[in-house]
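Here's a walk through a model you can follow on screen. Keep the viewer open and click along as we go.

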Amino acid sequence: MSGLAEIIVRDLRFHYTPGVEVLRGIDLTLTPGSVAIIGQNGAGKSTFVRLLNGLLRPTQGEVWVDDLSTASTTVASMARKVGLVFQNPTDQLFKSRVLDEVMFGPLNLGASQDEARQRAEAALARVGLTGAEARNPYDLGLAERKLVTIASVLAMDTPVVILDEPTIAQDVTGVRQIGDIVTWLQEQGRTVITITHDMDFVARYFQRVLVFQAGQVLADGTAEEIFSRPDLLRQAGLEPPPITVLGQRLGLARPPLTVEGFVARLRGPNGLAP
Amino acid sequence: MSVIVVENLRYRYPRQSALALDGVSFTVEPGEFVGIVGPNKAGKSTLCQALVGLVPHFYKGAIGGRVEVAGLDVHASTVAEVSRRAGLVFQSPFTQMSGAKFTVYEEVAFGLEHTGIPRDEMVRRIEWALRLLGLWELRDRNPFALSGGQMQRLAIASVLVMQPEVLILDEPTSQLDPAGTSEVFAAVGDLCRQGMAVVMAEHKVDRIAARADKVLVLDRGQVVAWGPPGEVFSLDGLTARGVAVPAATAAARELRWQEPDGTYPVTVEQAVRIGGERLGRDHR
């Protein structure tokens, strides 16, 4: 069973090419719950999450997941703790049947055929792909292929789940489905870390928001705290969700994060609506 | 004269029973920006591919109706003929990379080779396309060393350099950050002012509502709405069909913040104006 995990990141620095620092000193503690990582393309977000599961090793500093340091733990051992869904599904799909693809992770972790199958079917149900077991992942559209990769990681039942840009190519229904998965993981006491450019998605589903800029953490707070600071967002090349902007422009004291929140505020007991 | 004419377009992929496109009709004028919205599998990508002839010439299948782009009957022309007048940027930028070039500059130049365009004209166009998409500083980088967002802008530049009369973009900002998304929408605005017609399939409806001249809503291969953003997004029943509507419109609908003509605001600006009036305050 998955259990809880704590991630500790100390003075983390990383470069692919000497002299070109991608991460420039990150200190963080990540506890169970939902964390969104936002920031411009090239801010170091995808590199950071690859350091959390040991795919990359720190140039300097440390990453600990519970009692495991990524510097001295194999990627295979880290895979029991940290599941990572890549941005581009093509980077991680290699079986010709959806079910085999999703069973691959649990089998690799030592699950029996039966158990792997059960976990795969449960994970496919969670992403709404029940019925697609026999299809070839490459016959699916980009949005569904992405859901297959999410199911593959869910089936591994890791305490930490990392999603890199999960809402790309999803329509409203797909975004809601992935948001429900984030909430479910959070309720299970897992750590779910998500890189995204979709600010509505962040505002609606995440407890904690990290703003990355040029390889550093520019800000760390709740969605409400982060989105009520337009100056900070501008500095990071970001914009609050449109509904937050609307609330601010109409002079609401606290910024609304969702359309429902905005409407409720205007209809509330001190409602401003006519 | 319309630069795109689609009349009763019907299309079925090979070995499929359902129609992917079912009676689609619309026209686009030079300089117009048209947004295509709707849930996944509504036919958005299929329609994009039908506008450049990949449907049906590459995907085969059964087709009916008429598609005319820049004066060419697409069904009676080759993809090569159509591609000289209409450029398509695919949903996944990885699909678009030639794989044969080692710098961003060469990748953009790739399509212009063997076209017989004079060298100085080529150089001028390449620089124009790279600068328009904010890639000039990255011109010596390897295309496969770019981030997803940068690669997406490169895919657009590689098509733009051909200076098509019609530009078709299939979810061109899916991997872009908000600043990069703004750049692409601003670039589209520039191109339309220069007379190019742009058709963009996109999930970011707030941006489409603010920028597009017209919006085509597809659901299960059929056009369920077609017109200016204010009219289209004010229609009842879009959300129930899984069609995203702008946040300003969703909020205004709940609060009954309507324009005198009965439509709802589709941009934050419009909602601030109407909301401000309703709230009886002075908001700017």
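L9(B) has V24(B) as its bridge partner in β2(B). That bridge belongs to a pairing between strand β1 (residues 4-12) of chain B and β2(B), antiparallel and built from six bridges. For the bookkeeping, two strands pair if DSSP finds at least two bridges between them; strands are DSSP E runs of at least two residues and helices are H or I runs of at least four, both numbered from the N terminus.

Zoom out and you'll see an open, antiparallel sheet of four strands in chain B, in the order β2-β1-β4-β5. Its edges are β2 (21-28) and β5 (72-73) of chain B, each pairing on one side only. Strands of a sheet pair through backbone hydrogen bonds, either parallel or antiparallel.

A word on what you're looking at: this is a predicted model, where local features need pLDDT of at least 70, side-chain atom pairs count only at pLDDT 80 or more, and totals for chains, interfaces and linings use all residues. Residues are numbered from 1 along each chain as its sequence is written, while chains are lettered from A and ligands numbered from 1 in the order in which they are written. The model scores ipTM 0.86 and pTM 0.90. Chain B has a mean pLDDT (the predictor's confidence in each residue, from 0 to 100) of 92, with 99% of its residues at 70 or more.

| β9(A), residues 208-213 | parallel | four | V35(A) and R208(A) |

Now for the domains of chain A, whose bounds come from an automatic or database domain assignment. The assignment gives domain 1 (1-81 + 159-239), domain 2 (89-157) and domain 3 (241-274). The C-alpha centres of domains 1 and 3 of chain A are 29 Å apart. Their contact (C-beta atoms, placed from the backbone, within 7 Å) takes eight residues from domain 1 and six from domain 3. On the domain 1 side, α7 (199-205) and α8 (223-227) of chain A each give two or more residues, and α7(A) gives the most, with four.

What about the nonpolar cores? A core here is a set of buried Ala, Val, Leu, Ile, Met, Phe, Trp, Tyr and Cys residues joined through C-beta atoms within 7 Å. The largest has 101 residues, and L246(A), L51(B) and I168(B) are among those with the most contacts inside it. Helix α7 (residues 148-160) of chain B supplies the largest share, seven residues. A second, separate core of 77 residues includes V63(A) and M103(A).

Finally, is W257(B) buried or exposed? W257(B) counts as buried because it has 24 C-beta neighbours inside 10 Å. You'll find W257(B) in the loop between α11 (247-255) and α12 (268-278) of chain B. Beyond four places in sequence, its contacts include Y264(B), P265(B) and R278(B).

Definitions and conventions. Contact = placed C-beta atoms within 7 Å. Buried ≥ 20, exposed ≤ 12 C-beta atoms within 10 Å, placed from the backbone.
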